[in-house]
Every structure is written in C-alpha cells, then in structure tokens.
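Visitor: I have the sequence and the model open side by side, and I would like to go through some local details with you. Please start wherever you like.

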Amino acid sequence: MTTDTTGTVARDGESRPGGPADSPFIRACRRRPVPHTPVWFMRQAGRSLPEYREIRASVPMLESCRRPELVTEITLQPVRRHGVDAAILFSDIVVPVAAAGIDLDIVPGTGPVVAEPIRTAADVERIRPITRDDVSYVDEAVRQLVVELGDTPLIGFAGAPFTLASYLVEGGPSRTHAKTKALMYGDPELWHALCGRLAEVTLAFLRVQIEAGVSAVQLFDSWAGALSEADYRRFVLPHSTAVLSGLVGAGVPRIHFGVGTGELLGAMGEAGADVVGVDWRTPLDVATGRIGADKAVQGNLDPCVLLAPWPVVEAEVRRILEQGRAAPGHVFNLGHGVLPETDPEVLTRVVALVHELSSRRADQG
Ligand code: CP3
C-alpha cells in the first residue's frame, strides 16, 4: 500500500504515474486537474454493439455474466471501439441477488423476473449473505480485466437497496413501484429488514470487486427518483449510506446514480458518494449547487439526443461541458443508459468531441 500527497491510499501497482489511479477518470472523480474531461457511457457494454449481439446470440444473459471469458470480452468491446476513459464490468444488478439464493432470470426484452417475489419476513430470510466464493466468476473476470485494461480504469458496480428491493417485491420491472411502496409504507419494519439484508449483499459484492482490482465503483439506485425527498431520507438513505460508508478507506471513488433524482441530489451525495450521477433533467451547474462543491458530478446527456442529427448532439455536448465547469470535477456520461437503437458510431464521435473540446480549453488555460 502507498499513500499519495492527499492521504488517499492507493493499491500497489495503481500508484505508478500513468496507472489507472492517475487516469483522467479517477482524477476527475477525485476533483483533481485533468488533461481532458473523461467520458464513458452507462450501459456501454452491450445494447448497441453488433459485436456484443453476436457474442450473446446463443448465451442467456445470466449465464454470460457467469463466464469470465465472456465478461472480459464484452467489457473490453466498448473500450476498443470508442476509446472511452473507463470500462464498466459486464454484469447486472441482480447477479449478487441470484448468488444470494433468490431464484430469478433476466428475460430478453423484459428484464429481471423473480420466481417468488419477496413479501414476508420469511421471504427476507431467503436472501443469504454472500461470500467471494458465491461470485468467484466476478472475482476472476475483474482480475483478468485489470491485466487486459492496463492504464484504463475498470468500474465495478452494484444495485442499491431500493432499486433491488423494487425488483424483488414487484417480481419484475415496474412503472409505479406500487407493491414496493405499499410494503414500505405499510410495514416499515419489514422494509428496513429487507433493505438491511440487501445492503449487506451489495456491500459484500462491491468489496469482492474492489479486492479483485476495480478502480472505482458505481451504486445504481436507478429507481430512487420514484420517492419524495422525505421518504427517500426515511426509507432509503440509511441503507445506501450503509453500503457507501462501508467502502470508506477502500481507496476507490464511489459514484452514486439514479434517474429522476433532481430533488434527491443533495441526499444522494450525503449517502457517502465522491461523485453524484445526474440525469438529463437537471443542468450540471444547478446540480452542483444542490450537491455541494465537495463532490464531483457525472452526466448528463439525454440518451435520446444521440438519435438526433449530429449538429444537435454537438450543441448538447458543448452545453454540458460548459455547465460541467461549475462542478469541482466532471465525468461526462449520459443521463441514463445507452439505448439499444443508438448508432455506435455516434458514441465514438461523442468521445472524440468531449476529448477535443475539453483539452482545447485546457490549452487555453
Ligand atoms: O453498463 C454496462 O454496459 C454494463 C452492463 C450492465 C447491465 N445491466 C447489462 C444488462 C449494467 C451496468 C446493468 C445495470 C442494471 N441492470 C441497472 C442499472 C442501470 C440502469 O439501466 O438503470 C438496472 C436497473 C438493471 C436491471 C435490468 N437488467 C433491466 C431493467 C434489464 C432489461 C433492459 C435491458 O437493458 O435490456 C436488464 C437486462 C440487461 N442487463 C441486459 C444487459 C446487457 C439485456 C439482457 C438481454 O435481454 O439479453
């Protein structure tokens, strides 16, 4: 272990100049000066890439997440193609929940579907704690990837307790999260028991990834925007805080992201994030005012803009880079995941444009 001048502990091998810890992405997460604004895309692995569709043609989603050689190849595809500043591990938020003993599948075109939804205290008991051995394929894939990626940082991730609870209680994707909220309001004790259990699984899953060598982690609370700030603070914040505060001292930046969270940005930062992900609804300068100057921001191009003609894309990229200057650190990203119908060449052009515009600005001082 080594300690840099700001007192941040870096793992061996990552402290060398030019290693992942010194990459533009990690520097921006830590609010340090960058040679250019780093960029990656949520859901960059899969979705729009033909080479991904080919590899996945005959392998079901969960099985592909459990085969380290496939995980490695799919994770590397967008890095090779687009030149993004970070890779994100190919997996899914329900992978650790399945490893914890819950019978579920990822159904093409639908998403996660749970065989027996969680509704009672006895159901919560079915969620077992996980160890590294339960997700050894993730450990193996991360170790392979760290070698393959060299100086490019790898982002590990997990689903946050609220978003995972929604899939488990509903039994599948939901627009209203009605059953989840009914349980939350109707039986707070059971709700907190469920989220407490999920926080343990999530924390253990992120620790496995960090031990195996990821350079940053992102906690996806994709559906937290369904809640008011008061309910978020009461029902969700303690559990997301348990996850993120459990990683203090792990030596990697923590990104906390959700969709429709304009009203929750301050609270999501308080949960213990170094970087707060912002969707397209809140301009980054406004978001920074809500989050505070002690955290970086990540975002926030509307994924639908990528379907518009290039001059529209270019104008939006310029606007976001400009508004991102208000933040003490900016990681360029979309406001949510890449849509499957996105032309991959547009993604490649966005990466080049972000790099060009932001490094030109650096030249000008
Ligand atoms: O970012 C990446 O490219 C890495 C891979 C990744 C997947 N899922 C692969 C996947 C990541 C980071 C996720 C996270 C995830 N999964 C989230 C949080 C991010 C977000 O989008 O808000 C959520 C909510 C899920 C749950 C989930 N998994 C849904 C709703 C779906 C169906 C929609 C979809 O994307 O097709 C999935 C399935 C899924 N996860 C696929 C992939 C490549 C598609 C699998 C298939 O249908 O064959």
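**Loops, helix contacts and a cis bond**

Visitor: Is Glu116 buried or exposed?

Guide: Glu116 counts as exposed, because its relative accessibility is 53%; buried here means under 20% relative accessible area, exposed means over 50%, and partly exposed lies in between, with a 1.4 Å probe and protein chains only. Please keep in mind that this is a predicted model, in which local features need pLDDT of at least 70 and side-chain atom pairs count only at pLDDT 80 or more, while totals for chains, interfaces and linings use all residues. Residues are numbered from 1 along each chain as its sequence is written, and side-chain values use heavy atoms, with hydrogens and water left out.

Visitor: Where does Glu116 lie?

Guide: Glu116 lies in the loop between strand 5 (111–114) and helix 6 (121–125), where helices (H or I, at least four residues) and strands (E, at least two) are DSSP runs numbered from the N terminus. Its C-alpha is 33 Å from that of Gly272, and the two residues are 156 apart in sequence.

Visitor: Switching to helices, how do the axes of helix 8 and helix 9 cross?

Guide: The axes of helix 8 (residues 161–170) and helix 9 (residues 178–186) come within 8 Å and cross at roughly 105°, which makes helix 8 roughly perpendicular to helix 9. The axes are lines fitted to C-alpha atoms, for helices over the stretch in contact, and angles run from 0 to 180 degrees between N-to-C directions. Angles under 35 degrees count as roughly parallel, over 145 as roughly antiparallel, 65 to 115 as roughly perpendicular, and the rest as oblique.

Visitor: Which residues make that contact?

Guide: Phe162, Ala165, Ser166, Val169 and Glu170 of helix 8 meet Ala178, Lys179, Thr180, Leu183 and Met184 of helix 9, contact meaning heavy atoms within 4.5 Å. The residues of this contact divide into 6 nonpolar, 2 polar and 2 charged, where Ala, Val, Leu, Ile, Met, Phe, Trp, Tyr, Cys and Pro count as nonpolar, Asp, Glu, Lys and Arg as charged, and the others, Gly among them, as polar.

Visitor: What sits in the loop between helix 8 and helix 9?

Guide: His177 is found in that loop, and its phi is near 60°, a positive value in a residue other than glycine. His177 counts as buried because its relative accessibility is 5%.

Visitor: And what is phi of Arg47 near?

Guide: Phi of Arg47 is near 55°, again a positive value in a residue other than glycine. Arg47 lies in the loop between helix 1 (24–29) and helix 2 (50–56), and it counts as partly exposed because its relative accessible area is 25%.

Visitor: Back to helix pairs, then: how do helix 10 and helix 11 cross?

Guide: The axes of helix 10 (residues 188–212) and helix 11 (residues 229–245) come within 8 Å and cross at roughly 25°, so these two helices are roughly parallel to each other. In this contact Pro188, Trp191, His192, Cys195, Gly196, Ala199, Thr202, Leu203 and Leu206 of helix 10 meet Arg234, Phe235, His239, Ala242 and Val243 of helix 11. The residues of the contact of helix 10 with helix 11 divide into 9 nonpolar, 4 polar and 1 charged.

Visitor: Changing topic, which peptide bond is cis?

Guide: The bond from Gly299 to Asn300 is cis, with omega near -5°, and Asn300 has its place in strand 10. Leu301 also lies in strand 10 (residues 296–301) and counts as buried because its relative accessibility is 0%.

Visitor: What does Leu301 touch?

Guide: Not counting residues up to four places away in sequence, Leu301 touches Trp280, Leu306, Glu316, Val317, Ile320, Phe332, Asn333, Leu334 and Gly335.

Visitor: Which residues is Thr282 in contact with?

Guide: Leaving aside neighbours within four places in sequence, Thr282 is in contact with Gly262, Leu265, Ala287, Arg290 and Asn300. Thr282 is found in the loop between strand 9 (275–277) and helix 13 (284–291), and it counts as buried because its relative accessibility is 6%.

Visitor: Last one: how many disulfides does the structure hold?

Guide: The structure holds 0 disulfides, a disulfide being a pair of cysteine sulfur atoms within 2.5 Å. As for individual cysteines, Cys29 counts as buried because its relative accessibility is 1%, whereas Cys304, at 44%, counts as partly exposed.
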